[in-house]
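Please read them with the structure open beside the text.

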Amino acid sequence: MQQTTLNASSRAGSAVQLPAAAVRPVIKAAQRCVTRASLSSSSSASHPQQRCQTRQASQRQTLLSKRGQAQVCHAVILDGKLISRTEVPAFIQRDDMMDQLYRWTLMEGQEAGMRNFGAPMVITPQYQESSLWGFNIGIYREGIKLTDLGVQFDDDIVTKHEFVGKDERGMPLLEGRVDEIKGKHMEIWKLDSIPVDEDLRATIRSYCTALVSALNRYYAFGSVFVDDSQ
């Protein structure tokens, strides 16, 4: 049988005849080496990019954790129901008011929720840009969470003037420096769409009524802890 041969160059520069059967394994081995090198190069180019993206995502998450932004609150509200909304005067210090309402809810709800409102409660603060922006109230029955309420400011802007003067007719006129205050309204949300029974509805109504009374005490006396019954 006639054997097919291929030309190759010897060290002396003359052409010699090599059998094709001997050359094919060498060619296949070279192809495998090229393929592995190509894959290795692609992998080494992509892995640093993936590691960089992973580090960036981790850094973003760490930054959000340090700032304590209330993402959960805003996200869950989309499936919830607005219970109450009231406009907060521009001169009211948002951080002080929310801090007092939060501490009042800890005392009245988390420490004595069963006695005061008919159900145990767990209170979780919610932050935005390192400021206390609101809090969530988990309502339980026999160890099972029934629903979540959210008390927080909205993102609307209200303007505050430095002082009130008079115009040429003696009417009040806002004057001086103008500041933009975030949090025009304080809102109470039911943070889910789960139906409620009569007992849970009574608990929610009782808490909201007591919260509004505490807010009125803050407006009147500057403190939610004042006993206005005397």
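This is a predicted model: local features need pLDDT of at least 70, side-chain atom pairs count only at pLDDT 80 or more; totals for chains, interfaces and linings use all residues.

**Notes on a helix pair and some loops**

1. The axes of the two helices, α3 (residues 94-110) and α5, come within 11 Å and cross at roughly 135°. Angles over 145 degrees would count as roughly antiparallel, and 65 to 115 as roughly perpendicular. The pair α3 and α5 is therefore oblique. The crossing of α3 and α5 is right-handed.

2. For context, the protein chain has five helices and nine strands. Their order along the sequence is β-β-α-α-β-α-α-β-β-β-β-β-β-α. The protein chain has 230 residues, of which 29% count as buried. Taking contacts between residues at least 6 apart in sequence, 59% join residues at least 24 apart.

3. Helix α5 covers residues 198-221, which is 24 residues. From first C-alpha to last, α5 reaches 34 Å, close to the 34 Å expected at 1.5 Å a residue. Helix α3 has 17 residues and should span 24 Å at 1.5 Å a residue; the end C-alpha atoms of α3 are 22 Å apart, which agrees.

4. Which residues of α5 are buried? They are Leu 200, Thr 203, Ile 204, Tyr 207, Cys 208, Ala 210, Leu 211, Ala 214, Leu 215, Arg 217 and Tyr 218. On the α3 side, the buried residues are Arg 94, Met 97, Met 98, Gln 100, Leu 101, Tyr 102, Trp 104, Thr 105 and Gly 109.

5. Is Trp 104 buried or exposed? Its relative accessible area is 6%, and the cut-off for buried is under 20%, so Trp 104 is buried. Leaving aside neighbours within four places in sequence, Trp 104 is in contact with Gly 109, Phe 117, Tyr 207, Ala 210, Leu 211, Ala 214, Arg 217, Val 224 and Phe 225.

6. Asp 99 and Leu 132 are 33 residues apart along the chain, and their C-alpha atoms are separated by 6.9 Å. In helix α5, Ala 202 is partly exposed at 37% relative accessible area. Ala 202 and Ala 119 are 83 residues apart in sequence and 10.0 Å apart in space, C-alpha to C-alpha.

7. The ends of α5 are worth a look. At the start of α5, a side-chain oxygen of Asp 197 reaches to within 3.3 Å of the backbone nitrogen of Asp 199. Glu 198 lies in α5 and is exposed, with a relative accessible area of 57%. The side chains of Glu 198 and Arg 201 are joined by a polar contact of 2.9 Å. After α5 comes Gly 222, with a positive phi near 80°.

8. Most residues other than glycine have a negative phi. Ser 130 is not a glycine, yet has a positive phi of about 65°. Ser 130 is found in the loop between β4 (121-128) and β5 (131-141), and is exposed at 57% relative accessible area. Glu 142 is likewise a residue other than glycine with a positive phi, near 55°. The loop between β5 and β6 (144-153) holds Glu 142, which counts as exposed at 78% relative accessibility.

Key: Residues are numbered from 1 along each chain as its sequence is written. Side-chain values use heavy atoms; hydrogens and water are left out. Helices (H or I, at least four residues) and strands (E, at least two) are DSSP runs, numbered from the N terminus. The expected span of a helix is 1.5 Å times one less than its number of residues. Buried means under 20% relative accessible area, exposed over 50%, partly exposed in between (1.4 Å probe, protein chains only). A polar contact is a pair of N or O atoms within 3.5 Å; within protein, one must be able to donate a hydrogen and the other to accept it, and residues adjacent in sequence count only if both atoms are side-chain atoms. Axes are lines fitted to C-alpha atoms, for helices over the stretch in contact, and angles run from 0 to 180 degrees between N-to-C directions. Angles under 35 degrees count as roughly parallel, over 145 as roughly antiparallel, 65 to 115 as roughly perpendicular and the rest as oblique. A crossing is left-handed if the near helix is turned anticlockwise from the far one by less than a right angle, and right-handed if clockwise. Contact means heavy atoms within 4.5 Å.
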